Amino acid sequence: MSIEEKPFLQIKIDDRIIENHVKDQIQKKLEAIGTEKVFYTFNDLQQITGMSKGFIDKTFFHDSRFEKIRRKIGRKWLFPVKETQSFLLEWIKEQPHH
């Protein structure tokens, strides 16, 4: 191989480092999103779960654990973000696999 055929610049990328960096950035963004709100509204709850109002009502809205954290203020339902996230993660683990 002559001098002319050698690459001028050679870059090596460690995929593991890139992957870890991307995961870290995603985690930071998720944490930032989670702290932007103190309460979810019912609309937020529908959006974050991907469930309809009727499905939420039938599945976990009346769960005694969820009843303890939800609050109706005037005509609006409010759900504390951290408690709601914890409840939903526990609730989904309890659901049977089909």
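Student: Why is Phe66 called buried?

Tutor: This is a predicted model, and in it Phe66 has a relative accessible area of 0%. Buried means under 20%, so Phe66 is buried.

Student: What makes the rings of Phe66 and Phe87 a tilted pair?

Tutor: Their centres are 5.0 Å apart and their planes stand at 35 degrees.

Student: Why is the pair of Phe60 and Phe66 called edge-to-face?

Tutor: The ring centres are 5.2 Å apart and the planes are at 90 degrees. Planes over 60 degrees apart count as edge-to-face, so the pair gets that label. Phe60 is buried too, with a relative accessible area of 0%.

Student: Which residues form the aromatic cluster?

Tutor: Phe42, Phe60, Phe61, Phe66, Trp77, Phe79, Phe87 and Trp91 form one cluster.

Student: How do you know that the charged end of Arg70 sits over the ring of Phe61?

Tutor: The charged end of Arg70 is 4.1 Å from the ring centre of Phe61, and the distance cut-off is within 6 Å. Lys53 likewise has its charged end over the ring of Phe42, 5.5 Å from the centre.

Student: Why does Ile26 count as partly exposed?

Tutor: Ile26 has 48% relative accessibility. Buried is under 20% and exposed over 50%, so Ile26 is partly exposed. Ile26 belongs to helix α1 and is one of the residues in a nonpolar surface patch.

Note on methods
Residues are numbered from 1 along each chain as its sequence is written. This is a predicted model: local features need pLDDT of at least 70, side-chain atom pairs count only at pLDDT 80 or more; totals for chains, interfaces and linings use all residues. Side-chain values use heavy atoms; hydrogens and water are left out. Patches are made of residues with over 30% relative accessible area and no salt bridge: like charges are joined within 9 Å, nonpolar side chains (Val, Leu, Ile, Met, Phe, Trp, Tyr) within 5 Å. Accessible areas come from the Shrake-Rupley method with a 1.4 Å probe; for residues, only the protein chains shown count as cover. A salt bridge is a side-chain nitrogen of Lys or Arg within 4 Å of a carboxyl oxygen of Asp or Glu. Helices (H or I, at least four residues) and strands (E, at least two) are DSSP runs, numbered from the N terminus. Buried means under 20% relative accessible area, exposed over 50%, partly exposed in between (1.4 Å probe, protein chains only). Rings of Phe, Tyr and Trp (its six-membered ring) pair if their centres lie within 6.5 Å; planes under 30 degrees apart count as stacked, over 60 as edge-to-face and the rest as tilted. A charge sits over a ring if NZ of Lys or CZ of Arg is within 6 Å of the ring centre and within 35 degrees of the ring normal.
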